[in-house]
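Trainee: Could we go through the helix packing in this model?

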Amino acid sequence: MPDAEGEPPAETSATLVFPADDTAHSIPEDVLGLLAGTFTASLGLHLLQASDAVTGGTAGLALLVGYATPWPFWLVFAVINLPFAALALWKKGLDFTLRTALAIGLVSAFSVVHDRLFPILGMNAIYGTLAGNLLAGIGLLILFRHRASLGGINIIALVAQERFGVRAGWTQMAFDVLIIASAVFVVPWPSVMMSAAGAVLLNLVLALNHRPGRYIGH
């Protein structure tokens, strides 16, 4: 209906407001989220390792070091992430840091479980690379939504999104280009090309789904 001066009313858009207590994750939800996220991500990394492929982030660095040395992935992954603990504590707080430390420990532990209970022989490289990155991306998405990460570049990506509005997936992808490019010194170039395609898939999962305001749980 027009107002008293004959002007049509301005269009308004509905805004949904949810009380913080109603959208907070419960402790059981956080525990299940951390377990599901780390298991899914570690399974993806297991497929990548079976495919002689790499990915971005500290997980990709750990895979590269594992290919070039006799050190196991679980140990390299844990050690590489240690320097980023200070950054997490400074920028994200104690709660996030503890959750991330737990997530890193769980991924390392699950990697040992996968090696012993799910040995893979003859993995198709294309399938393993794409499926591995997809699972790793889904696992990271779950962890982000439960205020955790897998350390390293994940922390930088989250800080960049919160401080500057740059989506976490795009920041992650920029670093991943550098990491995967360095893989040419460790793995054959066809594996590097497939790894690059897989890393794009992983970061698309994050960029398209981890956006401010899209998920209200915390």
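Mentor: Start where α7 ends: the residue that follows α7 is Gly165, and its phi is positive, near 80°. Helices here are DSSP runs of H or I with at least four residues, numbered from the N terminus. This is a predicted model, in which local features need pLDDT of at least 70, side-chain atom pairs count only at pLDDT 80 or more, and totals for chains, interfaces and linings use all residues. Residues are numbered from 1 along each chain as its sequence is written, and side-chain values use heavy atoms, without hydrogens and water.

Trainee: At what angle do α7 and α8 pack?

Mentor: Axes are lines fitted to C-alpha atoms, for helices over the stretch in contact, and angles run from 0 to 180 degrees between N-to-C directions. The axes of α7 and α8 are 8 Å apart, and the angle is about 140°.

Trainee: Which residues of α8 make that contact?

Mentor: Contact means heavy atoms within 4.5 Å. On the α7 side are Ile153, Asn154, Ile156, Ala157, Ala160 and Gln161, and they meet Ala168, Thr171, Gln172, Phe175 and Ile179 of α8.

Trainee: Which residues of α7 are buried?

Mentor: Buried means under 20% relative accessible area, with a 1.4 Å probe and protein chains only. The cover over these residues includes α3 (57–68), α5 (84–117), α6 and α8 (168–181). The buried residues are Ile153, Asn154, Ile155, Ala157, Leu158, Val159, Ala160 and Gln161.

Trainee: How does α2 run relative to α6, roughly parallel or roughly antiparallel?

Mentor: Helix α2 (residues 27–50) and helix α6 (residues 125–144) have axes 7 Å apart and an angle of about 160°. Angles under 35 degrees count as roughly parallel and those over 145 as roughly antiparallel. Therefore α2 to α6 is roughly antiparallel.

Methods
Helix = DSSP H or I, 4+ residues; strand = E, 2+ residues; numbered from the N terminus. Parallel < 35°, antiparallel > 145°, perpendicular 65-115°, else oblique. Buried < 20%, exposed > 50% of the residue type's maximum accessible area, 1.4 Å probe, protein only.
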